[in-house]
Amino acid sequence: MNIDWHGADLSNGLENVAVLIERSSGVLTFPEFQYSPDNIQGPGCSIDPSEITLPGCSCLSHSCFTESCSCLQTHGQAYDSTGTLLNLSRIDSGYCSPVFECNALCSCSDACSNRVVQRGLRLRLEVCSTKNRGWGVRALEAIPRGTFVCEYAGELISLEEARRRQLAQRSEENNYIIAVREHAGTGSITETFVDPAVVGNVGRFLNHSCQPNLFMQPVRVHSVVPRLALFAGRNIDAQEELTFDYSGLYSNQPPAELPSTQSDAATQASRTDGLQRKECRCGADNCVRFLPLDLSILN
């Protein structure tokens, strides 16, 4: 069935800003899925991502300050006063430290500079058809480096469910599962699996690129379960397609092996496109020819 989606809001009012859909030429069929701006609890996941499990600060100011805020003192300052992500120098390594925002138990205002991802989508984005990669997402306005763009939201599932879904997948189907592995302490590894295939947000339409303009950053707000936030890795022009590297890297350099300590958690995210290696069509000069394949889910 061909439907004229031009001008429609993909989120049906669930986002702060309408997510537009470009008029399809009729060649592409728009996928059926349930839109959700937030992660939801899926099969095998024992934690409700909406449950508030992190402590809050007692700041009564308009915005929190490192000198007095327990959140910033415990986890460090992640954003500047405008909400732009700091410490962008580490994104090329493929590893990053998790970000902790103020949460529902904090006494600071909703305008606190340590509340960014939880405010939701603020930029005008459009789901559009691409030349040879199906659907994609482009920016309808210029986006400065370090700006939060959108989440990669979907069903939170267990490792076993992720394995089951990948093994049941047909070669012509797209796989959307993101695996995030956080290394902290003495060999401690926390894994998060997000699948937006059936329930998800605009992030499910983002294409891979070997030379992307977005990078993924785990952000914790109310819960110990991280939100998979995508930030601008460089200045992005209006009408430019938004992409990230499914392997979790921001460049094509191999990830550096960082020592895991209690004070510095190393995080790596990866997305696989099923058991069949698929040709990469990003067109970048440094293209690796095939989309990343994460077989560790199946081991």
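**Notebook: salt bridges and nonpolar cores**

I looked up E141 first: at 23% relative accessibility, E141 counts as partly exposed. My cut-offs are under 20% relative accessible area for buried, over 50% for exposed, and partly exposed in between (1.4 Å probe, protein chains only).

I am working on a predicted model, where local features need pLDDT of at least 70 and side-chain atom pairs count only at pLDDT 80 or more, while totals for chains, interfaces and linings use all residues. Residues are numbered from 1 along each chain as its sequence is written, and side-chain values use heavy atoms, with hydrogens and water left out.

**Entry: R124 and E141**

I looked for the partner of E141. The side chains of E141 and R124 meet in a salt bridge at 3.7 Å, N to O. I call a salt bridge a side-chain nitrogen of Lys or Arg within 4 Å of a carboxyl oxygen of Asp or Glu. This pair links distant parts of the chain, 17 residues apart. R124 sits in the loop between strand 4 (99-100) and strand 5, and E141 in the loop between strand 6 and strand 7. Helices (H or I, at least four residues) and strands (E, at least two) are DSSP runs, numbered from the N terminus. R124 is partly exposed, with a relative accessible area of 43%.

**Entry: R164 and E161**

Next I checked helix 2 (residues 159-167), which holds both R164 and E161. They are 3 residues apart, about one turn of the helix. Their salt bridge has its closest N and O atoms 2.7 Å apart. I asked myself: is E161 buried or exposed? E161 counts as buried, at 11% relative accessibility. R164 is partly exposed at 48%.

**Entry: E182 and R220**

I then found a salt bridge between E182 and R220, with the closest N and O atoms 2.7 Å apart. E182 lies in strand 9 and R220 in strand 12, so the pair ties together parts that are 38 residues apart in sequence. Both E182 and R220 are buried.

I also noted a network: E155, E161, R164, R165 and D195 are joined by salt bridges that share partners. The count of salt bridges comes to 14.

**Entry: cores**

I turned to the nonpolar cores, meaning sets of buried Ala, Val, Leu, Ile, Met, Phe, Trp, Tyr and Cys residues joined through side-chain atoms within 4.5 Å. The largest has 36 residues. L10, L125, V127, V149, Y152, L242 and F244 touch the most other members. Among the strands that each supply at least two residues of this core are strand 5 (125-129), strand 9 (178-184) and strand 14 (241-244). A second, separate core has 15 residues, including Y79, L88, F231 and Y250.
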